[in-house]
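Here's a quick briefing to read with the model open. Have a look at the structure first, then work through the notes below.

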Amino acid sequence: MKFFNKIKRFLRKESEPVIVVSGLPRSGTSMMMKMLEAGGLEVLTDHIRQPNEDNPQGYYEFERVKKLSNGDTEWLKDAEGKAVKIISALLMHLPSSYTYKILFMRRNMAEILASQKQMLVRRGEPTDKVGDAEMARLFEKHLREVQTWLDRQPHITYMDVDYNAMLRDPHSHITQVLAFLGRPLDLEKMIEVIDPALYRQRKG
């Protein structure tokens, strides 16, 4: 199997990498997708999940991503050179027959938990199934496992993007993103996407 994967990568060496925006839920992945789109990068999304109060600017999801764990990977050939949002829990299901550049969103954990809790409140769902301390522990464990896995993948390069720092100093952080992607995207239009009014679960 490894031999065939190497052959596939060789045959596809002229192809562009799939640009993946990933991270925990509520970590700023939708905002980054919108920024990339505003900057001029084509994004892969089906708009099935519509904007709402939790994500007024849209979710930028592609429904078939959720089937990665079931082996649905054919759509990846249409994602080369484009940006697609994939939550961190599904990254390990990406086939090695493609190359990827991953923007991994990092956000203050207290803000992530507060944002998720508020989303559950709006949906009328219980918020006390798992305590904040336990949920934070599980998330941190998951992030360590994902980073260990990413570091071992020769077909993947990734960059951590600090959501909180980017909101404080968007110019320098988005400049770093563009350098990582190697794309001549419109920096100013990407900065315009950042709406401080949507930074609602601010900590510290």
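Let's start with lysine 117: with a relative accessibility of 33%, this residue counts as partly exposed (buried is under 20% relative accessible area, exposed over 50%, and partly exposed lies in between, using a 1.4 Å probe and protein chains only). Bear in mind that this is a predicted model, where local features need pLDDT of at least 70, side-chain atom pairs count only at pLDDT 80 or more, and totals for chains, interfaces and linings use all residues. Residues are numbered from 1 along each chain as its sequence is written, and side-chain values use heavy atoms, with hydrogens and water left out.

**Salt bridges**

- Lysine 117 forms a salt bridge with aspartate 132, and their closest N and O atoms are 3.5 Å apart (the rule asks for a side-chain nitrogen of Lys or Arg within 4 Å of a carboxyl oxygen of Asp or Glu).
- That pair ties together distant parts of the chain, 15 residues apart: lysine 117 belongs to helix H3 (residues 109-123) and aspartate 132 to helix H4. Helices here are DSSP runs of H or I with at least four residues, strands are runs of E with at least two, and both are numbered from the N terminus.
- Aspartate 132 is partly exposed too, at 39% relative accessibility.
- Within helix H4, lysine 141 and glutamate 145 sit four residues apart, about one turn of the helix. They form a salt bridge with 2.7 Å between the closest N and O atoms.
- Lysine 66 bridges to glutamate 63, with the closest N and O atoms 3.3 Å apart. Lysine 66 is partly exposed at 46% relative accessible area, and glutamate 63 is partly exposed at 30%.
- Arg49, Glu61, Glu63 and Lys66 join up in a network of salt bridges.
- The total by this rule is 12 salt bridges.

- Four strands make an open sheet in the order S2-S1-S3-S4, and the pairing is parallel (two strands pair if DSSP finds at least two bridges between them).
- Strands S2 (83-85) and S4 (156-162) are at the edges with a single partner strand each, so one side of each has no neighbour in the sheet.
- From one strand to the next, the twist averages 25°. Axes are lines fitted to C-alpha atoms, for helices over the stretch in contact, and angles run from 0 to 180 degrees between N-to-C directions.
- Strand S1 (residues 18-23) pairs with S2 in the parallel sense over three bridges, and isoleucine 19 stands opposite alanine 83 in S2.
- Helix H4 (residues 132-151) packs on the sheet, where it touches strands S3 (100-106) and S4, and its direction makes about 155° with that of S3 (contact means heavy atoms within 4.5 Å).

**Threonine 45**

- You'll find threonine 45 in the loop between helix H2 (29-39) and S2, and this residue is buried, with a relative accessible area of 17%.
- Leaving out residues up to four places away in sequence, threonine 45 touches Tyr60, Glu61 and Phe62.
- A polar atom of the threonine 45 side chain lies 2.8 Å from the backbone oxygen of glutamate 61.
- On the nitrogen side, the backbone nitrogen of histidine 47 lies 3.4 Å from a polar atom of the threonine 45 side chain.

Note on methods
A polar contact is a pair of N or O atoms within 3.5 Å; within protein, one must be able to donate a hydrogen and the other to accept it, and residues adjacent in sequence count only if both atoms are side-chain atoms.
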